[in-house]
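Dear colleague,

Please find below the structure that I am handing over to you. My notes on what was found in it follow directly after.

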Amino acid sequence: VVLTAMVVVYAQKHSQQEPHVHYAQLGTDVTIPCGSVDQGTSVTWTANSTDLDASHLSGSHLVLRNVDLSHSGQYSCYEGPSWHLKDRVNLKVGTPPREPSLMCRSNNYPIGFYCSWHLPSPTYIPDTFNITVIHDSQEITCEKDTGPKNRCYIRYPHLFSTKKYKVTLTVSNALGSSSTTTSFDEFAIVKPDPPENVIAKPIPNNTRRLLVTWQYPSSWPDPDSFPLKFFLRYRPLIIDQWQHVELS
């Protein structure tokens with residue numbers, strides 16, 4: 001009979017009842033009810049399969065004070081001495097998102113531009129980002145990048161527009177939301193990538209001169225129609241001051 005009772009307790013205590021998610025803000029007090037159990041019912045709570053003492057209980061409710069990230073985990077509530085599972089909660093502790101940083105840049109003009117973003121601090125819980133791009137009162141599709149998940153790409157609807165682009169980014173999670181907006185002219189965000197294959201080598205029989213060669217950045221699509229200017233900065237090792245040369 002004793003062996004049978006032990007098997008029943010083990011089976012009930014390890015029931016595979018699906019937990020529901022409860023989000024809590026860092027530094028707050030959290031009260032979790034034991035499902036539909038009455039407040040005065042005798043219950044036992046566990047955190048990640050470890051029993052919690054009665055100091056964490058208010059009746060049948062579990063009370064956690066000033067929660068931090070270590071409180072995240074799975075909490076289970078059992079009724080009475082038979083350890084009948086009544087509820088299972090997956091507690092996730094985090095913060096509402098702060099205002100995100102947003103940057104837009106065109107490194108392949110005149111094809112389009114990309115916008116990228118990041119949060120100034122982590123929230124520790126899942127975040128959702130939504131970005132809208134408006135130009136001349138029309139919303140433009142921002143195609144999500146296949147690489148970085150925090151970047152999307154916009155194709156210019158037409159060139160040499162005098163209308164500003166307006167980009168709004170909203171980030172939200174279970175604890176709150178925040179947004180930021182930036183506006184800019186078409187040319188204001190044009191910034192080519194650095195030149196590629198930069199090589200400096202001495203000129204034979206002239207030790208005081210160097211031959212410097214480079215190539216256009218491969219991301220720049222039309223050098224003939226949109227030529228770039230290059231600026232060369234150099235200094236001898238024995239001199240602290242840099243010299244600058246503008247090159248066509």
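L69 sits in the loop that runs between β6 (61-64) and β7. The model is a predicted one, and in it L69 has a relative accessible area of 37%, so this residue counts as partly exposed. Together with L26 and Y124, L69 makes a nonpolar surface patch of about 280 Å².

In general, side chains of opposite charge can pair when their charged atoms come close.

I turn now to the cysteines. A disulfide is a covalent bond between the sulfur atoms of two cysteines. The structure holds three disulfides. Counting the bonded cysteines along the chain, the pattern is 1-2, 3-4, 5-6.

C34 and C77 form one of these disulfides, with 1.7 Å between their sulfur atoms. C34 lies in the loop between β2 (30-32) and β3 (43-47) and C77 in strand β7 (residues 73-79), so the bond ties together parts that are 43 residues apart in sequence. The torsion about the S-S bond of C34 and C77 is about -95°, and the disulfide is therefore left-handed. Are these two cysteines buried or exposed? Both C34 and C77 are buried.

Another disulfide is formed by C104 and C115, whose sulfur atoms are 2.1 Å apart. It links distant parts of the chain, as C104 is in strand β9 (residues 101-105) and C115 in strand β10 (residues 112-118), 11 residues apart. Because the torsion about the S-S bond of C104 and C115 is about 100°, this disulfide is right-handed. C104 has 11% relative accessibility and so counts as buried; C115 is buried as well, with a relative accessible area of 0%.

The remaining disulfide pairs C142 with C152, their sulfur atoms being 1.8 Å apart. C142 is found in the loop between β12 (138-140) and β13 (143-144), while C152 is in strand β14 (residues 151-155); the two are 10 residues apart, and the pair links distant parts of the chain. With 80° about the S-S bond, the link of C142 and C152 is right-handed. C142 is buried, having a relative accessible area of 14%, and C152 counts as buried at 0% relative accessibility.

As for the protein as a whole, its secondary structure comes to one helix and 20 strands. The radius of gyration is 30 Å, well over the 18 Å that the globule rule gives for 248 residues, so the protein is more spread out than a compact globule. Taken along the principal axes, its C-alpha atoms fill a box of roughly 100 × 50 × 30 Å. Of the 248 residues, 29% are buried.

Finally, a word on the annotation. The UniProt record, an unreviewed entry, places the feature "domain: Fibronectin type-III" at residues 96-193 and 194-248. In the model, residues 96-193 are 0% helix and 49% strand, and the end C-alpha atoms of this span lie 35 Å apart. Residues 194-248 are 0% helix and 51% strand, with 15 Å between the end C-alpha atoms.

With kind regards

Notes
Residues numbered from 1 in each chain as written. Predicted model: local features only at pLDDT ≥ 70, side-chain atom pairs only at ≥ 80, totals over all residues. Heavy atoms only, no water. Disulfide = S-S within 2.5 Å. Helix = DSSP H or I, 4+ residues; strand = E, 2+ residues; numbered from the N terminus. Buried < 20%, exposed > 50% of the residue type's maximum accessible area, 1.4 Å probe, protein only. Patch = residues over 30% accessible without salt bridge, like charges linked within 9 Å, V, L, I, M, F, W, Y side chains within 5 Å. Areas by Shrake-Rupley, 256 points an atom, 1.4 Å probe, with all protein chains shown as cover. Salt bridge = Lys/Arg side-chain N within 4 Å of Asp/Glu carboxyl O. UniProt positions renumbered as here; feature names shortened; annotations may be inferred. Rg over C-alpha atoms; globule rule 2.2 N^0.38 Å.
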